[in-house]
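Trainee: I would like to go through the terms used for this model. For each label, I want to see what it rests on.

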Amino acid sequence: MKWIAAAVVLAASASVVAPAEAAACEYGACYSHVGVISRASEDGAVARMTVGRPALGQTGFHSLAELSVGTSTKSHSVEVGWTVDRQLNGDDDPHLFVFRWTGGPACYNACGFSPIPGATARAGMTLTPGTEIRVRISHIGSRWAIFFNGEEFGSYPDYLWSAPWPERLIAHSFGEAASSSPVGDVEMGGRISMRTFGRLAWCQPASSTDPRYFAVPTGRCALRYGGPV
């Protein structure tokens, strides 16, 4: 739900990326992230991710993996992915989620999200741990459309943002652990790969914001991640 662009510091091992800082605490929780970032446009981005069932421990609020397209300041952002969130879903299973930011955080699976009647996927549905899912965010017409395994299942209309979306956008695919403590015991882990559409070509190397979580690049805009270690 919350993300930041992390600085990248190379570890002694050439295959592992070392973290730059510890968990950041705001909006009532402390967040740790592992992911990849790329330049994006209205064409959007697509990500493949392995669904997990990480343990929330004693301090956990949620553990998730997501794709986000938006600005670095979060004035505009749309997100989709899976989450283990006991308070949101009432269990410890992974569920599909959508989210948006409009200057600040909105809410999960609602707050202007318009589901498509009859779509196979729906925000909040339970997912199977160990399976791979494909999610996509693209601007189509006057909406930010969200896809699950190739099917559009809903969108956020443009009028939810008071100002037009800027041309310079960022696509970010990452794992996130949120807890009540900067040294929480929330598990995080899986695999993520991402690509942006259109003419955009670069991808920032995989990075972690917390020394307890690792990021192992597995390709361009792809990584294996986990922890705490």
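The turns below take the labels one at a time.

Trainee: How do you know what kind of model this is, and how are residues counted?

Mentor: The model is predicted, so local features need pLDDT of at least 70 and side-chain atom pairs count only at pLDDT 80 or more, while totals for chains, interfaces and linings use all residues. Residues are numbered from 1 along each chain as its sequence is written, and side-chain values use heavy atoms, with hydrogens and water left out.

Trainee: What makes up the secondary structure of the chain?

Mentor: The chain has 1 helix and 18 strands. Both are DSSP runs numbered from the N terminus: a helix is H or I with at least four residues, and a strand is E with at least two.

Trainee: Why is Trp-82 called buried?

Mentor: Buried means under 20% relative accessible area, exposed means over 50%, and partly exposed is in between, with a 1.4 Å probe and protein chains only. Trp-82 has 1% relative accessibility, so it counts as buried. This residue lies in strand 7. In the chain of 229 residues, buried ones make up 53%.

Trainee: What does the side chain of Trp-82 reach?

Mentor: The side chain of Trp-82 reaches the backbone oxygen of Thr-50 at 3.2 Å. A polar contact is a pair of N or O atoms within 3.5 Å; within protein, one must be able to donate a hydrogen and the other to accept it, and residues adjacent in sequence count only if both atoms are side-chain atoms.

Trainee: Is Arg-212 buried or exposed?

Mentor: Arg-212 is at 17% relative accessibility, so it counts as buried. Arg-212 sits in the loop between strand 16 (203-208) and strand 17 (214-219). Its side chain reaches the backbone oxygen of Pro-182 at 3.4 Å.

Trainee: Which residues is Arg-212 in contact with?

Mentor: Contact means heavy atoms within 4.5 Å. Neighbours within four places in sequence aside, Arg-212 is in contact with residues including Ser-32, Pro-182, Gly-227 and Pro-228.

Trainee: What makes the peptide bond from Gly-227 to Pro-228 stand out?

Mentor: That bond is cis, with omega near 5°. Most residues other than glycine have a negative phi, and most peptide bonds are trans. Pro-228 is in the segment after strand 18 (222-227).

Trainee: Which value does phi have in Lys-74?

Mentor: Phi of Lys-74 is near 70°, a positive value in a residue other than glycine. Lys-74 is in the turn of a hairpin formed by strand 6 and strand 7, with 6 residues between the two strands. With a relative accessible area of 5%, Lys-74 is buried.

Trainee: Where is Asn-149 found?

Mentor: Asn-149 is in the loop between strand 12 (143-148) and strand 13 (151-157). Asn-149 has a positive phi of about 50° although it is not a glycine. At 46% relative accessibility, Asn-149 counts as partly exposed.

Trainee: How do you know which strands are joined to strand 6?

Mentor: Two strands pair if DSSP finds at least two bridges between them. Strand 6 is joined to strand 14 (residues 169-179) by 10 bridges, and to strand 7 (residues 77-84) by 8 bridges. Both pairings run antiparallel. Ser-63 has Ala-177 as its bridge partner in strand 14, and Ser-68 has Glu-79 in strand 7.

Trainee: Why is strand 6 called largely enclosed by the rest of the structure?

Mentor: Strand 6 is largely enclosed because 10 of its 11 residues are buried.

Trainee: What lines the largest pocket?

Mentor: On a 1 Å grid over the protein atoms alone, a pocket is an open set of points with protein on both sides within 12 Å along at least five of seven lines, and lining residues have an atom within 4 Å of a point. The largest pocket is lined by 13 residues, and Phe-61, His-62, Asp-85, Gln-87 and Tyr-108 lie nearest its centre. Strand 4 (29-40), strand 6 (60-70) and helix 1 (86-89) are the elements that give two or more residues to this lining.

Conventions:
On a 1 Å grid over the protein atoms alone, a cavity is a set of points where a 1.4 Å probe fits but cannot get out, and a pocket is an open set with protein on both sides within 12 Å along at least five of seven lines; lining residues have an atom within 4 Å of a point.
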